[in-house]
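Okay, thanks for coming, everyone. Let me get the structure up on the screen, and then I'll walk you through a few spots.

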Amino acid sequence: ITFNFDDLLEKKLIQKDIYYKSYSGISSDKNENSVNIYHVHGYLEREVSPDEIDIDNIVFSEEQYHKMYTDIYNWSNLQQINTLREKTCVFIGCSLNDPNTRRLLDIVYKEGETKHYAIMKKEEIKVPNGIEAGCETYKYYQNFYMQNRNAYYNSLGIYVIWVDDYAEIPKILKKIGNV
């Protein structure tokens with residue numbers, strides 16, 4: 001599932017000679033022998049002429065976004081719910097701050113069943129005035145902050161893999177691919 005409406009993912013799969021099928025709406029012809037890519041905010045191929053673009057099917061504005069997510073039977077919501085319910089997902093480049101994503105995660109979460117992962121960059125923690133970085137109080141505050149963040153994501157069924165730098169992500173994905 002991608003929230004991007006561009007075809008950059010498809011272009012990379014072509015480079016890697018990986019067979020894929022893209023979807024941006026309801027379709028019953030799912031292919032079990034390919035990587036299925038769901039563009040839940042619409043799909044815009046670079047090679048398409050302007051006349052062929054279905055502008056009504058691409059989420060460009062906050063108004064379109066809210067309209068889509070308030071329709072619980074929208075194919076996008078149903079696809080995300082089914083995927084979250086049936087598959088183990090890895091969130092990459094997703095802050096998980098979006099209330100609609102959290103709502104969908106909450107719908108499918110079962111107590112004690114953490115089955116999704118998110119790769120997220122550690123943030124610079126803002127500490128109260130008077131606490132200096134590196135001191136014992138700072139370390140306690142930092143530990144408390146990270147435990148709270150992990151507990152929050154765990155409550156949505158997500159285990160977070162924290163990275164110091166985005167450059168670590170390909171190595172993590174390779175490890176996952178080798179499991």
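Let's start with a single residue, isoleucine 125. Its relative accessibility is 10%, and since the cut-off for buried is under 20%, isoleucine 125 counts as buried. Keep in mind that this is a predicted model, so everything I quote is computed from it.

Where does isoleucine 125 sit? It's in the loop between β4, residues 116–121, and α5, residues 136–154. So what is isoleucine 125 in contact with, once we leave aside its neighbours within four places in sequence? The list is Tyr138, Tyr141, Gln142 and Tyr145. Take glutamine 142 from that list: it is 17 residues from isoleucine 125 in sequence, and the two are 7.0 Å apart, C-alpha to C-alpha.

Now for a loop residue with the opposite label. Glycine 93 is in the loop between β3 and α4. With a relative accessible area of 78%, glycine 93 is exposed, because the cut-off for that is over 50%. Glycine 93 and leucine 104 are 11 residues apart along the chain, with 18 Å between their C-alpha atoms.

Okay, zooming out for a second. The protein chain has 179 residues, and 31% of them count as buried. The C-alpha trace spans about 60 × 35 × 35 Å along its principal axes. For secondary structure we get six helices and five strands, and from the N terminus the order reads α-β-β-α-α-β-α-β-α-β-α. And if you take the contacts with a separation of 6 or more, 62% are between residues 24 or more positions apart.

Which residues of α2 are buried? Those are Tyr65, Met68 and Tyr69. They cover an arc of only 90 degrees around the axis, so they sit on the same side of α2. As a reminder, an α-helix has 3.6 residues a turn, so residues three or four places apart point the same way. On the face of α2 turned away from the buried side, you find Glu63, Lys67 and Thr70, which are exposed. And the buried residues of α2 pack against α3 and α4.

That brings us to α4. Here the buried residues are Asn100, Thr101, Leu104, Leu105 and Val108. Looking down the axis of α4, they fall within an arc of 140 degrees, so they line one face of the helix. Pro99 and Asp106, on the other side of α4, are exposed. What do the buried residues of α4 pack against? Quite a list: α2, α3, β3 (90–92), β4 and β5 (158–163).

Last stop, the α3 and α4 pair. Two packed helices are described by the angle between their axes and the distance between the axes. For α3, residues 75–86, and α4, residues 99–108, the angle is about 50 degrees and the axes are 9 Å apart. The two helices are therefore oblique to each other, and their crossing is right-handed. On the α3 side the contact is made by Asn77, Gln80, Ile81, Leu84 and Arg85, and on the α4 side by Arg103, Leu104, Leu105, Ile107 and Val108. By type, the residues of that contact come out as six nonpolar, two polar and two charged. Leu104, Leu105 and Val108 were also on the buried list for α4.

That's it from me; over to you.

How values were computed
Residues are numbered from 1 along each chain as its sequence is written. This is a predicted model: local features need pLDDT of at least 70, side-chain atom pairs count only at pLDDT 80 or more; totals for chains, interfaces and linings use all residues. Side-chain values use heavy atoms; hydrogens and water are left out. Axes are lines fitted to C-alpha atoms, for helices over the stretch in contact, and angles run from 0 to 180 degrees between N-to-C directions. Helices (H or I, at least four residues) and strands (E, at least two) are DSSP runs, numbered from the N terminus. Angles under 35 degrees count as roughly parallel, over 145 as roughly antiparallel, 65 to 115 as roughly perpendicular and the rest as oblique. A crossing is left-handed if the near helix is turned anticlockwise from the far one by less than a right angle, and right-handed if clockwise. Contact means heavy atoms within 4.5 Å. Ala, Val, Leu, Ile, Met, Phe, Trp, Tyr, Cys and Pro count as nonpolar, Asp, Glu, Lys and Arg as charged, and the others, Gly among them, as polar. Buried means under 20% relative accessible area, exposed over 50%, partly exposed in between (1.4 Å probe, protein chains only). The arc is that of the directions from the helix axis to the C-beta atoms.
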